[in-house]
Amino acid sequence: MIPIKDDNPTLRRPVVTWTLLGLLGAIWVFLQGAGLDPWALAASVCNWGMLPAELTDLQPVGTGVQLGPRTMCLVDDEPNTWLTPISSMFLHASWGHILGNALFLWVFGNNIEDSMGRVRFVVFYLVCGLAAAAAHVVSAPASPVPTVGASGAISGVMGAYLVLYPRVRVYMLFIIIIFIRIIPLPAWLVLVWWFAWQIIAGLPALTQLEHEGGVAFWAHIGGFVAGAALIKLFDNRERVAERRVIRERLHPDLRR
């Protein structure tokens with residue numbers, strides 16, 4: 001299932017969401033070489049991605065993992081290590097990775113930004129990203145594998161959306177072999193299903209070897225939980241109420 005859009009109109013231009021999308025794209029193209037230069041991609045991921053083992057000191061300096069042919073990423077003790085929980089939020093590993101994250105941010109981010117204001121949204125986004133990073137470190141504290149991606153912060157946005165707008169329709173694209181159809185589903189169903197899948201997929205990861213890579217499911221889980229738990233501290237009640245009036249005027253069937 002792929003989210004395409006929702007029935008949740010915004011009252012103000014989502015400037016921060018647009019800026020984040022532009023920033024992620026610019027970093028992917030100009031710093032990471034759009035994935036076309038394997039050396040630039042590996043260097044950005046290794047130097048600015050988050051390695052749990054560097055933060056916990058549970059692996060000796062020089063411990064390495066292979067990122068590609070003739071490319072190793074080594075645990076080090078450089079000063080930028082403590083910046084990587086933030087810098088890693090703006091890096092990606094492939095075109096599929098960045099496009100998937102951008103789509104989810106595009107669908108869900110504008111409404112959360114509109115519900116709290118631009119400055120609060122920036123802080124909320126970063127806090128959720130840091131919570132996701134912390135969850136990943138706790139789940140794999142000795143891992144020397146670099147972690148990158150905006151997924152954790154965007155998961156926080158999705159958790160906030162579940163709390164604020166559970167009944168809003170989200171249009172999902174279903175592709176099953178030759179069957180292609182767009183089906184509107186309530187946001188709570190889409191987001192609860194997504195969260196449940198992260199837990200199902202994340203449980204086996206707890207027993208995997210520390211040197212194994214893959215999707216950081218526990219970062220997704222941590223970000224989602226943080227977003228759901230913190231949204232009431234960040235949202236603007238007047239904005240949320242104003243949005244509800246407009247939404248129910250446009251979609252009377254969503255009235256409580």
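A few ground rules come first. Residues count from 1 along each chain as its sequence is written, and side-chain values use heavy atoms, leaving out hydrogens and water. Since the model is predicted, local features need pLDDT of at least 70 and side-chain atom pairs count only at pLDDT 80 or more, while totals for chains, interfaces and linings use all residues.

**Helix pairs**

Helices here are DSSP runs (H or I, at least four residues), numbered from the N terminus. Their axes are lines fitted to C-alpha atoms over the stretch in contact, with angles from 0 to 180 degrees between N-to-C directions.

| Pair | Axis separation | Angle |
|---|---|---|
| α5 (residues 95-116) and α7 (residues 151-164) | within 9 Å | roughly 40° |
| α5 and α10 (residues 237-250) | 6 Å | about 125° |
| α1 (residues 15-31) and α6 (residues 118-139) | within 9 Å | roughly 45° |

Let's take α5 and α7 to begin with. Their axes cross at roughly 40°, and that makes α5 oblique to α7. (Under 35 degrees counts as roughly parallel, over 145 as roughly antiparallel, 65 to 115 as roughly perpendicular, and the rest as oblique.) On the α5 side, the contact (heavy atoms within 4.5 Å) includes H97, F104 and F108, and on the α7 side it includes I154, M158 and Y161. Sorted by class, the contact residues are ten nonpolar, six polar and no charged. (Nonpolar covers Ala, Val, Leu, Ile, Met, Phe, Trp, Tyr, Cys and Pro; charged covers Asp, Glu, Lys and Arg; the others, Gly among them, are polar.)

Now for α5 with α10, which are also oblique to each other. Here N111, E113, D114, S115 and M116 of α5 touch R239, V240 and R243 of α10. That contact has two nonpolar, two polar and four charged residues.

Finally, α1 meets α6 at roughly 45°, which makes α1 oblique to α6. V15, V16, T17 and L20 of α1 face R118, F121, V122 and Y125 of α6. The tally is six nonpolar, one polar and one charged.

**The second largest pocket**

Helices α5, α7 and α8 (187-205) each give two or more residues to the lining, and α8 has the largest share, with six. Overall, the lining has twelve nonpolar, six polar and no charged residues.
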